[in-house]
Every structure is written in C-alpha cells, then in structure tokens.
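Here is a briefing on a predicted model, written for use beside the coordinates. It covers ring contacts, a sheet, a helix and a strand.

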Amino acid sequence: MKNLFFLLIGCALALNTRGQQQDAGYPVSPVPFTRVKVTDAFWGQRLQASREVTIPLAFQKCEETGRYKNFEMAANPSPLNKVTGLSFDDTDVYKTIEGASYLLQSFPDEKLKRYIDSVLVIVAAAQEPDGYLYTARTMNPEHPHEWAGTKRWEKVEDLSHEFYNLGHMVEGAIAHYQATGQRNFLDIAIRYADCVCREIGEGPGKVVAVPGHQIAEMALAKLYVLTGEKKYLDMAKFFIDKRGYTSRKDAYSQAHKPVLEQDEAVGHAVRAAYMYSGVADVAALTGEQAYIDAIGRIWDNVVAKKLYITGGIGATGSGEAFGKNYELPNMSAYCETCAAIGNVYWNYRLFLLHGDAKYYDVLERSLYNGLLSGVSLDGDGFFYPNPLESIGQHGRAAWFGCACCPSNICRFIPSMPGYVYAVKDDNIYINLFVSNEATIPVKGKTVNLKQTSDYPWDGDVKIEVDPKGISSFGLKIRVPGWARNEVVPSDLYYYADDKIPSYRVRVNGKDVDGTTEQGYLTISRKWKRGDIVELHLDMEPRLVRAHQAVEADRGRIAVERGPVVYCAEWPDNNFSVLSLFTGGSPRFEAEYRPDLLKGVVQLKSDVQALRFDESDKLRPEDVTLTLIPYYAWAHRGAGEMSVWLPAELTATRPTMPPTVASRSKLSTSRGGSARSAINDRLVPRGPEDRSAPYFHWWPKNNSAEWVIYEFAAPEQVSRSTVYWFDDGPWGGCRVPAAWKIYYKNDGGDWLPVNNTSAYPTTKGVACRVTFEPVTTTALKLEVQLPVEHSSGIFEWEVK
C-alpha cells in the first residue's frame, strides 16, 4: 500500500508529462530540465557537442552496425536471417532516441523528429502480436542468438537481456512522449511491458524470473508514475523482492542474498547501481522503509570503502565489478562510464529521498570527473573503462561493438540540466552551480532564477531572484563538501594540507549568517524581483590522501580544486610523470588556460623526477609539474597519466635504465596498444595484483599465439621470465597450457632454445626458464592457450 505521507507530498521520479511534474513518491521533487535553460560556458560546450556530434554519430552507428537491420529482419523472420552482434544491441537504438528526445525539448528540430519517427516505424514492425519485442530471437526463431535460449525468458537471468531491453525501451519511450506528445514509441513500450506483466510472476502459466541485467525496475516504476497502472509498480517490486530467491544466486548479479539483507556493493557495478536506483524508486512509491535501509547500508559501504576519488565505481575488469573493501587499483581501475552514470542516478534518488547534500557531493564528484572523462570534448570519442593511471595503453575509441557506454552518454548529457534544482514544500534546492535561467514551480506559483558563474573554475556564484505570485519561500544553497573541508562523506579520503576553506553568502550585498543543515544553507525570507544572492566558495588546489587501507594509494597524494580532480599527463611534462616525487607538501599555483582543452585551469608546482642512471644510481632532477583536469586527459595522443602522485619515497617509481626487452621492437600475434605492457618493466606484486598493466589474447582460446622481440644488434641471452595474467574465476584468461622460447638463427629460421629448466605456469609470479646462451637478433615467446580460456602477459623479461 502506498504510504499516505508519500502520497501527500508532490514529488517525481525525474518524470514529467509534457514538462509538467506529477506526484509520485519522493519527498523532494526534481525541477525538470525543460524548465532550466543552460547558458553556461562549460556545460554549454558539452551540450552542443552532444547535439551536434554525439547523437548524430550514435544514429549513424546504428545504421552502419546493423542495429536497424535487426529490427527489419525481426519484422520478416526467416531461418536465413543471420543473427550477429550482442543480445542487447536493440538498446543502443532506444538510448539514442532517449537522448535525442531530451534535446528535442530544449532544441526543437523537425528534421530530427521525423528521423526518429522513421526509426520507430522499423521498431514497431518488429514487435510480435502479443507485444514481445526482442530482435535477437524474433529475426530467426529457429536459430536465435546464442544467449537467447530456446524459448522466451529461458536465459533472462543469464545473458538474454530481454528485461534489460525492456527497461531501456521504456525509458526511451517516456522521454520521447514527454518531448513530442506522440505515443508511437510509448505504445510499443507499453505493449512489451504488458507482455512481461502477463508472462512473468507467480501464478499458473507464469515464469518466476528476475532480470539478469537490472534497469527494468527503474523503468517500470517510471511507467507506473506516467500511466497510473499499478501492475508496472508491482512488477518492479516483484523483480526486487524475488532477487536472491530464484535459480540464480551469485554476487555478480547481486543475487547472492535477498536485496533487503544486502549490506555491501558486490558484482557488476552497472547492474548494481541500476538495481539500487530501482530499489530507491520502489521505496519512494511504496513507502517501505526496509528498502531505504538496505540501499542506505550499501551506500555507506561504497562511499567508505569502494569509491574512487573520481567518483568512479567498479575496481576490476574481472566481471566489470566492485572489488573487495578498499580494493581501488589505479592503472587497472575499471570505473566503467556506465557505472559512473549509474552512480549519478543512485545518488540523485537518495537525495530525493533524504534531502541531504552528501548525496550531491558524491554525484558532483562523479559528474565532473569519472563521468565526463567517458566522452571526448568534441563528443566523438569514448572510454569504456576510466583508469586513474596509464602508460599509454588507454585511449578513447570512436565506438565499441558493445556500445553501452556511448549510447548511455547520448542519453545522459542532454538530461544534465534536470539535476540543477529541486523543490520541497516552499523551499528551492540549488544543487549544482551552472549558469542558467530557470522557471521553478513552488506552491502552485513560479519563481524565476538566473544563475551566473564560471564554475567549476571559479567559486563565485550570482543568483538573481524574480518571484511570480509568491514572495515567501526558502532558498537552500548547497555548500559542497569540498568547501566544508570534506572530500567525501566518509573517512575514505581526507585533505592532507593545512588549508581551512571558507564560504560566504550575501543577499543584496549583506552577509547571511547561519549554519548548514544537511549540507545546505537556507535563506527563508520574503523575496522581491531584483533580489540578488551571492555565494563565494574558496577554490584552491587541495592535497588529498586516501585511507591507509587503500594499498594502491599509500604514500601518494591526489590534487583537486573545487569539484575537479587533477592528473599529470605526458604532453605537459618533459619527464616521466610516473617517476615524480612531490614530497609531503607541494604548493600548486592555478592558471586559467582558455586555449587549452576547451578552456581549463592548469595547476603547477616544483617537484622532483627520479631516475636510475646507467650505473644504477638514483638521480633526482628538479622539474615543474603541470596538472590538468582528469576528465580532459587522453586528448593529445597516447602516453603516461597518473592521478595519484608519489609523496613518499616508498611510493616512487624512478625511471629505470633500458633493458634488452624495453629496447626491443615488439610485435604480437594480436595487435592493440596494450601490448606495450609486455616490456614496460612493471610487474605484479602477487597473484591477485591487478594494478600492473597487461596484454591478453582474449577472446581467443585453444590456439598458438606469439610475442616477438627484435633487437637492434645481436644480443646474448640465456634467461627469460614471464609474469602471466590470469583473471579467474570470473574473467576469461588463465595461465597458458604451455609456452616455449625460440631464437632466430643467422639464416632467419626460428629454433627452440635448449632449456636447462622447466617452463613454469604459475599465476602472477615470476615464471623463469634458463637455457643455453644464444646470440641472436630476435626472440619469440610461443604460447599455447588453454582449450576453454585465453591467456595474457604482465611482463616478459629477457637477460
């Protein structure tokens, strides 16, 4: 039953029908993005790139990669139709339409609207008579996608993604309906949702199953708010309540125990964040405190033990998952772009439940750092993982075969204006500082606000107030955690300098006294047109340290200024950024560079770079360190980057003298920039270490692969050491079935070395083989992959 308290409070699930708020269940109501016109230089550039580049690119890729063709084949099923791609490729179409629909509300475009309509004709034709819409099966029912199963819902808890497709369809359809008032997409989504409601659940002839990949919970809750049809809320609640009770019971899919018993974030980070968001939605709509308590416990765990300084979540590529408590490696950090978006969704909903700024502190950190890094400044390049350290093996791609991150960026960026304000009773929350003009409904009346700032580069914000028909209300101005000397709402990170930041609020030039409550300074008064509120936040470079339990960050500092986390990148520094030593208290100077990376504030400090000379003596060198915002890295070519900088000698990584391997010309049987890891002189600290870079042959298996070192001049070698990459039990790589070393003779033939010891295959440690000395111009490492798995290499040393 709906709790009467929630029914009486005007609130919304980030929903509005044709721009009008609807009552739903959240105590705090969002101000829809349609009421916020962004005039900001920083976000204006991002929104323009989304409108002019990202979304047109996504539609183009849907055409080029056969996404539309899948719907056309599903409209004409045949055993001759070739099923390719992934079982969730349909969602790229839905997500791109969603993002384009957000743009249509802010930037009406008849040509874009007609294009979307033409796509929806194709989508509608693929829908089966009872509403089922899943092209991976329908296009070729006799031989569907290998992840689909032999019948509907058979593998929905595994890899079919039938419910996941439904979720993104509903989200996109609601956005399209809001933008256009047309039901052509909404009716498609409702028919599929009705199909699921008829066939899934408890009762005769129904299937008891939960989503393998969550998001349907969020979407069905939204559909309930839009339509008032309680069956959609019931289905969302069913999916949550049955998780942990069906045949699937694993941490990867957050099904290791019932949701209400969970207290730690585990498994696939995107699925988790979507599920936690869905739980918040159902909690708001039902008033069930147990749901709120569960996601509160999990949030505490993430913020205290599993959150990156960039706001990213998901430590490991093995399962794209959360790691153990305090497991936050940097170079191998996964931090999927979709997970950062999911983290924003989750924290936003927790704010709507509790009205506490701590959730916006986490949201803002994710927004300006771990999320924005996922898309290039021009909107045409994308990160899937977002590491915090690199030796050049990372770079944005124009697209991915698994395109969930680019299409998610398509739908998120245009929705950003909807996160700036919120309302509860007669109070307006000012949550983000973005130049804009907003029309905000309060108690049936309207308040116009005009916000002006150069945030995130400057901490001065001006707010002009123009009430219409109402004079008495409150402005709740968020004072960010970083302005209150708090990095995050836990002890996971702390400021390690001696600075004490301050903030100041004035109304019409007079200081406002008061303390913050739940992170907000509230100004309640009678307002009149022309009143001006001025917020000043001290914005200086700050030094951050991590909790001692975070092994990867011990002895290191990170640097941030305002909401922006910084990094050292190779184009700005004429030394290895991995070799620097800051000492305990570096002093950074800030300089705005309008000519660099669409305009950024650079930070500079005097530090030292360390290197070993040819005689193995450590040589320090005085250098100037330059930092740029983390979100802006990887725009000027591949090379070194690091967020966490050595402040203690135990954390330094001096530049090593060249070795036979590092001087070699490297080639592999499979290409890719990550192969540079093979001879980068970085080795794992143990079998479970994921912090060192690695190269792998996945998804290949049961094949012979190779790595070749070619020397500039003949070298005498007699020993070879390999550190094998093995990401079991979740990942696809294991130690090889066998390996062997060959050398090239004077005739150019490859001959096996005469080994004097065995070829070991032990995970994550030095696997050394000795052999009779040979003088050669090239060595080949031949690797026999396991029958059912692939293999990878951290490092191959030669002496």
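A charge sits over a ring if NZ of Lys or CZ of Arg is within 6 Å of the ring centre and within 35 degrees of the ring normal. Arg542 meets this with Tyr495, lying over the ring face at 4.0 Å from the centre. The model is predicted: local features need pLDDT of at least 70, side-chain atom pairs count only at pLDDT 80 or more, and totals for chains, interfaces and linings use all residues. Residues are numbered from 1 along each chain as its sequence is written, and side-chain values use heavy atoms, with hydrogens and water left out.

**Rings and charges**

- The charged end of Arg51 sits over the ring of Phe107, at 4.0 Å from the ring centre.
- Rings of Phe, Tyr and Trp (its six-membered ring) pair if their centres lie within 6.5 Å; planes under 30 degrees apart count as stacked, over 60 as edge-to-face and the rest as tilted.
- The structure holds 42 aromatic pairs.
- In one of them, Phe42 and Tyr368 have ring centres 5.6 Å apart and planes at 40°, so the pair is tilted.
- Phe42 belongs to helix α2 (residues 41-64) and Tyr368 to helix α14 (residues 357-371), so the pair ties together parts that are 326 residues apart in sequence.
- Helices (H or I, at least four residues) and strands (E, at least two) are DSSP runs, numbered from the N terminus.
- Phe42 is buried at a relative accessible area of 10%, and Tyr368 is buried at 1%.
- Buried means under 20% relative accessible area, exposed over 50%, and partly exposed in between (1.4 Å probe, protein chains only).
- Phe725 and Phe794 have ring centres 5.4 Å apart and planes at 80°, so this pair is edge-to-face.
- Phe725 lies in strand β28 (residues 704-725) and Phe794 in strand β32 (residues 792-798), so the pair ties together parts that are 69 residues apart in sequence.
- Both Phe725 and Phe794 are buried.
- One aromatic cluster includes Tyr274, Tyr345, Phe351, Phe412 and Tyr520.

**Strand β32**

- In β32, 6 of the 7 residues are buried, so the strand is largely enclosed by the rest of the structure.
- Two strands pair if DSSP finds at least two bridges between them.
- β28 and β32 run antiparallel, joined by 6 bridges; Val722 has Trp796 as its bridge partner in β32.
- Strand β27 (residues 695-696) also runs antiparallel to β32, with 2 bridges; Phe695 has Ile793 as its bridge partner.

- Strand β13 (residues 503-507) and strand β16 (residues 531-537) run antiparallel and share 5 bridges.
- The bridge partner of Arg506 in β16 is Glu534.

**Helix α8**

- Helix α8 (residues 184-199) has 16 residues and reaches 24 Å from its first C-alpha to its last, close to the 22 Å expected at 1.5 Å a residue.
- The expected span is 1.5 Å times one less than the number of residues.
- Its buried residues include Phe185, Ile188, Tyr192, Asp194 and Cys197.
- The buried residues of α8 pack against α4 (90-106), α5 (110-125), α7 (162-180), α9 (216-227) and α10 (230-242); contact means heavy atoms within 4.5 Å.
- Just after α8, Gly201 has a positive phi of about 135°.
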